[in-house]
Amino acid sequence: MRALRRALARLLGLVTRRRRERDFDEEVRSHVEMHTDEGIRAGLSPEEARRRALVMLGGAQQTRDAYADGLTFPSLESVLQDVRFAVRMLAKAPGFTAVAVFLLALGIGANAAVFSLINAVLLRPLNGATVGTPMGVFVGDRTRPDAWRFFSYPEYVDVRRHTELFRAVVAEVPAANPALEEGGRTQRISASVVSSNYFSALGGPMAAGRGFTAAEENPGDATPTVVISYPFWRRHGFDPALVGSTLRLNGKAFTVVGVAPEGFTGVMPVAWSDVWLSFGAASVVSNRSTAGASGRVTNDRSAQSLLVTALLRDGVTEDAATRGLESLAAGLAPAASGGRAQLLVSPRSRTAMGPNPGRDTNARAGATVLMLLALVVLIVACLNLANMLLARGSARRPEIALRLAIGGSRGRIVRQLLTEGFVLSVVGGAVALFFTWAAARQATAMLEGLPGSNIVVTLTPDLSVLAAVAFACLVSTVAFSLGPAWTLSKPNLAGGLKTTGIRGGRRRIPVPNLLVGGQIALSLALLVSAGLFLRAGAAAAVADPGYTLENGLLVETDLDAISASPADGLRTYGALVDRLRALPGVHAATLASIVPFGEIREGRLITNNSKLLFTTYTVVGTDYLETLGLKLLAGRQFTRLEERSPAASPVALVDRTLIDRLFGGGNPIGQVLHLSMRPDRADDEAVEIVGVVPAIRDDMTEELNAHVYVPFGARYRSAMTLRIKTDPGAETAVTIPIRQTIAEIDRRVPVLSIQTLTEHRDASGALLALTLISGIFGTLGVIALFLASVGVYGLRAYLVAQRTREFGIRLALGAPRGLMVRQVLGEGARVAAAGMVIGGLLAAALTVLLQQSGMLLNVSPVDPLVVIGSPLVLLVATGLASYIPARRALKVELIAALRAE
Amino acid sequence: MGRKPSDVWQGTLALMILKSLETMGAMHGYGVARRIEQVSGDTLSVNYGTIYPALLKLEQEGAIRGEWGLSEQNRRARFYSLTRTGRRQLEEAAREWDRTTDIVGRFFRPGETS
């Protein structure tokens, strides 16, 4: 109670301080005058009386300081003083300060960078908006918890009516890829087909023009309007005339009505669309990912193609919203399995667009691992600094002892040393932030410059990054300066005041050795995981997909661009492959709906004896195996008729993997497969197996998948890729004749891209991601290695310097120099060995963790290069770091050493 | 000369101030200092300055109240007087003091125990 009153009075003192100090001065003056008066009455001369009064008062300034300290909080008051003192102390040792700031900048910078990335992918609010977190609305089967489907337009309208739950409900058909004709060139762009309220609900005011109108949303309204993205606008130099102009998409003219706000990415933060189309215009864009499912938006309840996202009203929880939709769910048609439909309101994945609720478990696990490793780097840096501070502290012992001796309290000295640490951290953090910001600008520019990429990672530091950096500063301050501050402020007056003398014999310094050992252990763990990731990346880059990539050529096209009907399209593609197969330099040519290493994959589920098997589903022409350079294992390939005619009976080729998983190796020829698009549908198509092909992989970062191939004739797609196997060395030479041939068939058929299979693989998103992640791991590993080496070097150098005199004496007594070097090295080696053993255990634990996260394919957890290489690199680095100081022991000059003090 | 002030003052200075104010009524800082010196029989000779931080602390705790007034010699001075809180605090402290000295005293006069 009393303490509280005092605290309040002191708080008040913060504001009234000036006046109270004036009051006090006057009080003291009257005190002195009264004392003087009394002295004069006692018969002293006025001067003498005044002198005595002042003496009795004690040091006027001390009294005043003591009083002022009591007026308000000493901490608030003296923190600034502490900071000023810390800055002076640090300025006095510029070398130490520079190294410390550099180490901290590395440690904090690593954290800031990793956190920026995580922030961009997982944390940052969508569209930079403050509208609250959009929630996904999902429709599924109550009896099959993993069976989720898309919404139909009428169902979306039903959900949208629940305005008591939702402020706004938006819907979209994700990831369409129409072809944009511009200046004589045609290229694929990314597009989403969205509800009319999409921009107003999610993004705030448009950068220019308008969003869609309610009329444009009506299915069947064919008003061809388009909204373009801010980056698209920027690529066109912010041309104000772009709004109102015409874009040719898939051969049709669309009027640009508006530009989306800057940074607008819709419901997913990491990918933006180049353009958005309204539901009414949806029928003009083909959609690879949902092809087969209807990409169209109609009033038909069975045409399901929409993803629905809602903004909850204030105070409405996910659960409440889910309950609020129960009656609506009960009214929905039962799922195909017979189960009742359910509606769920739950967060939407930030990294993948799909009809199922996702919490990005994998991404979060990866983020956690990354963040932990970055923290480890910071800890290593802090251990390093702790050692530096301890070493420096020895030099400051006299100063500290003096302060203790003249009555400084221990708490005050600890506070002073912590303040010094904090000043270092803040400077380090500021440097780190600057570099993170610069690197983020570079990275963002690079990503935006990637051709055809619609990945966007907003890395510019925001408030949460700032907060993370501030947190890192605080953590590191405590981590590196609390220990040394405590140790150094131990009252050991006599010892500290004496100048440094000869240290007794082989004095051990366990704490610094412990710190260095810890650095080595953590660095090893980091190096091993970094090594595994680098190896996984390298292995994925050269891994065997099951066929050769050499002489492979991919030509992407889309007949939607010329608005071909299926019959026309079949004819055009037929003519095209015929001409290509006859082209000199072309070994084989075929059509394929999906190519490996792509972002888009089409899959089907096969139900067989209650087993559910996921399989990749590809529409191909004849000669498919020839374009891969593979041999048929059993049965036959597709005939020309099956390639050209929709009337041919439904057949399929399956691969080795599927046979192994489904038939246990028995003869599959003649068997019928039932393929379904979604788990809630039993049977979308039935196909007869006519041949077996070798297993191949679509992506080097994934496990082997089963494959089903169906012929093009009965499964016409407007967007196909021509797969061509050229004669050896002819890849580049044939590209021109190929373009000519396509132009001769129909001048309007766009060549969206033409690239070799190897080029295509190298540009694949999965490989890019793996490269990025192994890059981060590698960088963290190198930083940790560097920090550990600096730590080892610093400690050895310090110890050798401290023992210069001892060495001198031993030299004088005839000790061989070699022995002393061996001693210094030996001590370092023992510490390193202990660190490595612990680090090895840590690395093993980490490897198990990484292995479970499924991030390390194509590489053995006991990869010899990593398991032997990492400790070796560390050993060489630390060995060198302790050898250099050890050599100094060799060079000790006898006389100089004895005079060293 | 007397002893090092901090030896005696810590904790007891506040008590002495409160007691002086209780006995003498409102007093200025100089008066309090003189009074403590006199009562101690001039065995304590202190920096009068240390009185002021102690007065400030007591005032902040609400035990005393300071007001500007005129001294006997017509000098402007800050007069301190006990508040109700201060009186209570003094009673409490006095009891505490008696108990402590009693306990400590028993150690020095072991014969009187039990």
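Colleague: Let's start with charges. Which residues are linked in a network of salt bridges?

Modeller: The general idea is that side chains of opposite charge can pair when their charged atoms come close. In this structure, A:Asp578, A:Arg581, A:Asp623, A:Arg640, A:Glu643 and A:Arg644 are linked in a network of salt bridges. The cut-off for a salt bridge is a side-chain nitrogen of Lys or Arg within 4 Å of a carboxyl oxygen of Asp or Glu. Before we go on, some ground rules: this is a predicted model, where local features need pLDDT of at least 70 and side-chain atom pairs count only at pLDDT 80 or more, while totals for chains, interfaces and linings use all residues. Residues are numbered from 1 along each chain as its sequence is written, chains are lettered from A and ligands numbered from 1 in the order in which they are written, and side-chain values use heavy atoms, with hydrogens and water left out.

Colleague: Got it. How far apart are the closest N and O atoms of A:Glu643 and A:Arg581?

Modeller: They sit 2.9 Å apart, and the two residues form a salt bridge. A:Glu643 lies in helix H19 (residues 640–644) of chain A and A:Arg581 in helix H17 (residues 566–582) of chain A, so the pair ties together parts that are 62 residues apart in sequence. Helices here are DSSP runs of H or I with at least four residues, strands are E runs of at least two, and both are numbered from the N terminus.

Colleague: And is A:Glu643 buried or exposed?

Modeller: Buried means under 20% relative accessible area, exposed means over 50%, and partly exposed is in between, with a 1.4 Å probe and protein chains only. A:Glu643 has a relative accessible area of 2%, so A:Glu643 is buried.

Colleague: Where is A:Arg601 placed?

Modeller: In the loop between strand S16 (586–592) and strand S17 (603–608) of chain A. A:Arg601 is partly exposed, at 26% relative accessible area. A:Thr616 is 15 residues away from A:Arg601 in sequence, and their C-alpha atoms are 7.1 Å apart.

Colleague: Back to H17(A). How should I read its packing with H21(A)?

Modeller: Two packed helices are described by the angle between their axes and the distance between the axes. An axis is a line fitted to C-alpha atoms, for helices over the stretch in contact, and angles run from 0 to 180 degrees between N-to-C directions. H17(A) packs with helix H21 (residues 731–745) of chain A at about 145°, axes 10 Å apart. Their crossing is right-handed. The contact involves A:Thr572, A:Ala575, A:Leu576, A:Arg579 and A:Leu580 of H17(A), with A:Ile738, A:Thr741, A:Ile742, A:Glu744 and A:Ile745 from H21(A). Contact means heavy atoms within 4.5 Å. As for handedness, a crossing is left-handed if the near helix is turned anticlockwise from the far one by less than a right angle, and right-handed if clockwise.

Colleague: At what angle do H5(A) and H14(A) cross?

Modeller: Roughly 145°, for helix H5 (residues 94–123) and helix H14 (residues 463–488) of chain A, whose axes come within 10 Å. That crossing is right-handed. Among the contact residues are A:Leu104, A:Ile108 and A:Phe115 of H5(A), and A:Val465, A:Val469 and A:Phe480 of H14(A).

Colleague: Now the surface. Which residues make the nonpolar patch?

Modeller: A:Tyr793, A:Leu872, A:Leu875, A:Val876, A:Leu880 and A:Ile884, covering about 550 Å². Patches take residues with over 30% relative accessible area and no salt bridge, joining like charges within 9 Å and nonpolar side chains (Val, Leu, Ile, Met, Phe, Trp, Tyr) within 5 Å. Areas come from the Shrake-Rupley method with a 1.4 Å probe, and for residues only the protein chains shown count as cover. Helix H26 (residues 864–891) of chain A gives the largest share, five residues. A:Val876, in H26 of chain A, is exposed at 51%.

Colleague: And what about chain B, from the N terminus on?

Modeller: The elements run α-β-α-α-β-β-α, and 41% of the 114 residues are buried.
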